[in-house]
Amino acid sequence: MIFKKKKNIGDCNNDNVSIDEKYRRLGVKIGKNFSITGEVSFSSEPYLITLGDDVRLSSNVNFVTHDGGMHVIRQYKDIPADSFGKIVVGNNVFIGMNSIIMPGVNIGNNVIIGAGSIVTKDIPDNSVACGVPAKVIESIDDYYKKNKDNIDLTKNYTQEEKKKYLLDKFKIS
């Protein structure tokens, strides 16, 4: 199920608010046409996260704005150590399920982050990146060329129309 801004859910105060408003109240900066397809974690410093326009987050995406390893440094050096980094996601970005975006990362425009990726470094515009750690594997143009013969133009179909189309396409009765 895809939750867009018209879907009401409760926020920290149990008010019914839109999904993007819930995260805006936490401090996340969110552009237009934001959507998620499941649970997302914006870390303990959500105000350090900026999402551009047309960003879609798949389920279980985690944004990490701090270095939890500082717990060890605090004990080891007996200092009140912390380390933080802002996260900026550009426009027209898809982040696949179970991905982790680490502190200090910038993700460019027109980017696909593959499922299960751990993004530890900046990802440039017009890229497809995946892996642990995430690395650019191809350009968005190469991704399109590789997949263009398999694209199904079903985005405006009803669920029933899409089901019929897919059952016919894959010869499932």
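The model is predicted, so local features need pLDDT of at least 70 and side-chain atom pairs pLDDT 80 or more, while totals for chains, interfaces and linings use all residues. Residues are numbered from 1 along each chain as its sequence is written, and side-chain values use heavy atoms, without hydrogens or water.

I start with the core. A nonpolar core is a set of buried Ala, Val, Leu, Ile, Met, Phe, Trp, Tyr and Cys residues joined through side-chain atoms within 4.5 Å; buried means under 20% relative accessible area, with a 1.4 Å probe and protein chains only. The largest one has 27 residues, and Phe42, Leu51, Leu57, Phe63 and Ile95 touch the most other members. Among the elements giving it two or more residues are helix 1 (19–26), strand 6 (49–51) and strand 9 (87–89). Helices here are DSSP runs of H or I with at least four residues, strands runs of E with at least two, numbered from the N terminus.

Four strands form an open sheet in the order 3-6-9-12, with parallel pairing. Two strands pair if DSSP finds at least two bridges between them. Strand 3 (29–30) and strand 12 (106–107) are the edges, each pairing on one side only. Between strand 6 and strand 9 there are three bridges, and Leu51 stands opposite Val89 in strand 9.

What does Phe63 touch? Beyond neighbours within four places in sequence, its contacts (heavy atoms within 4.5 Å) include Leu51, Val89 and Ile95.

How values were computed
Buried < 20%, exposed > 50% of the residue type's maximum accessible area, 1.4 Å probe, protein only.
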